Amino acid sequence: MEYKKLSKMYSMFKYTDSYDSYDSLANWDLSKVSDISDFCSNYERFYEKLPLRLRVYMQAFYGSHKVYVPIENSDKEYDDDDFISEEYDLVSRDYITITKNNVKEVYNAISKDTNKKVMALKKKLETEFSKELSSVTDDYNFKTIEEAEKYVEDNYNKKDDKKVSFINDYKVLIKDKSREVENKVLKYIYLEYLVLKRDIKKLTQIDNIVNLLDKESFINFAKNIYDETNKETAAFIYGIYGGDEAIKNIYEKEKDTKLSLLIIKLNIESKYALRILYEIYSSTKKSEVRYEAYNLIEEVIKKMNISYEEFELRFSPDFSFNSQGERLLNEDYKLILNSDYSLSLFDIKNNKELKKIPQNFDEDLKDEITKLRKKIPSFMKDTSSLLAVLLASGEKYNYDVFKDVFIDNAMMNRFVSSLIWNLYDKDYNFITTFRYSGDGSYSNCEDEEVKIDDNSFVSLASPVEMDDNTIDKWRKQLEDYEIAQPLQQLTVIKLDKDNLKSEIEKIDNSEIAYGTFKAFGARYEMYSEYIGYDVVKSYSLKTKNGDTFTIDADVNSKTDFHDRVKINIYFDNENGEEVSKRFVYTLLVLMIWDFRLTDLF
């Protein structure tokens, strides 16, 4: 049977539990279909009876669906009456899981389909499973630009020409720059990405064509169509091939939007893109954008196998300052980041530092400098809080990461020289404490040079792991160099290192202002549990090794900012191990300082 005009299949077989001839649907013409939701009963056993092609359609349209499965035994036989019992749970399931083992069968089932959603899925499969689908993708391994042009000529759909009527008179050269590529090739590239809509992915076929073109003139073409049309597909093409400059230009234009996040996802290997991701997540006021940014960060930290705190460190902003602490504004002026984080404007042509901004200075640049002077103190405050958490956790970083994060980033470079660090060998054996001198060298508490090689590991040093003599020497050195620490590392608070349990008891059951309690948890980005709309009952913090800290407040839904509340604090390790002394010690210091309980110690 043919159903060339069939467009809606919503709930077509949802209420026909006795129907059992789904195989007959396999050859229907579904090219015009735009809605296939709730096709049959939600029970998973009915979806499994659909022909492969129908299930692939469901996957292309919706990705997943909700089904009831046995809570304890997913292999249990279904009974119609069981779906309302407590033995079953509602979970998300893909309509079909596509792997390298079944991708050929899946692809063949939809190879001749022209439905737009399904065509988009086909293109993604060709990219994700290019090896498994080599019989298809080998046709895309064009050896010459002439082969690519012929392929485009044979496969170009003239009906789509109106969609790309704006692509005219763009001069894109072939790779050897001997001539311009045919304009139809540029239109074909655009149309292929247009099919994907927002479910975007770099396409192998198009990548092979682009590799036969002159990179500079192609990127210029991509930038121009984006600037001139502001179309999303143009942004995707520019974002895929334009590198960090494209990410920067698109972000400046689109700001904190889902489109910016899609561009970042296309460039997930770029350090600059991940810095923009962190900036969006930490600054956006849009809840949906923040949620999407958080999910993307979760993907990154899972792939890199790092903690969220390490993600923050690795991709903290450098505000476009180079490793020397300079930021070029234009050919006439540059900004210099001073050791105290103040900014100086430097006149390049006259080779002198200016005491004030010239009257004829560009207003946009003046505004940029003003914003930067506001952002830097906020950066210092947030980074101090982050480093306090890392001091508690004791996370170790290999030297490459340490150098990249703390030395090569000018913002961190001026920050980190005031801190004391632990040095470990390749097997995590402690060697010594050291400080970065700001000139590329490292020294110990005796002010003697320390050599660090690429096999070393580094963490923040905790006084709970130092003897008093070492602590005194470090304090003296910092005092001699007139260096103030940005966090309570070498604290003046006296704690009994050998009996931290008694020190916990001094703080436990204290009464503090609710506003102080709330500010404490927010400052260190702790996980919060709420009562009512905006009242936090507890904050918690967990490290990679399972150490956990929880602070509860005796609150109710009407607790006000100025109300005094009783707090209870708990330390534990989710793996049943002993909680590290540095974790307890650091959190105690933070609480004593933030809650103004120094008179107890």
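Predicted model: local features only at pLDDT ≥ 70, side-chain atom pairs only at ≥ 80, totals over all residues.
Begin with the salt bridges, of which a search of the whole structure finds 40. Side chains of opposite charge can pair when their charged atoms come close. Select K265 and E299, whose side chains meet in a salt bridge with 3.7 Å from N to O. Since K265 lies in helix 12 (residues 258–266) and E299 in helix 14 (residues 287–304), the pair ties together parts that are 34 residues apart in sequence. K265 counts as partly exposed, at 46% relative accessibility, and E299 is likewise partly exposed, at 43%.

Next, select D468 and K497, which form a salt bridge whose closest N and O atoms are 3.7 Å apart. This pair links distant parts of the chain, 29 residues apart, with D468 in helix 19 (residues 468–480) and K497 in the loop between helix 19 and helix 20 (500–507).

Now select D594 and R523, where the side chains meet in a salt bridge of 2.5 Å, taken from N to O. Here the linked parts of the chain are 71 residues apart, since D594 belongs to helix 22 (residues 581–594) and R523 to helix 21 (residues 514–523). D594 is buried, with a relative accessible area of 13%, while R523 is partly exposed, with a value of 34%.

For the last stop among the salt bridges, select E146, E149 and R179 together, as these residues are linked in a network of salt bridges.

Finish at helix 17, which covers residues 399–407 and in which Y399, V401, F402, V405, F406 and I407 are buried. An α-helix has 3.6 residues a turn, so residues three or four places apart point the same way. What does N398 reach at the start of helix 17? Show the side chain of N398 and the backbone of D400, and you will see that a side-chain oxygen of N398 comes to within 3.1 Å of the backbone nitrogen of D400.

Key: Residues numbered from 1 in each chain as written. Heavy atoms only, no water. Buried < 20%, exposed > 50% of the residue type's maximum accessible area, 1.4 Å probe, protein only. Helix = DSSP H or I, 4+ residues; strand = E, 2+ residues; numbered from the N terminus. Polar contact = N/O pair within 3.5 Å; in protein donor to acceptor, adjacent residues only side chain to side chain. Salt bridge = Lys/Arg side-chain N within 4 Å of Asp/Glu carboxyl O.
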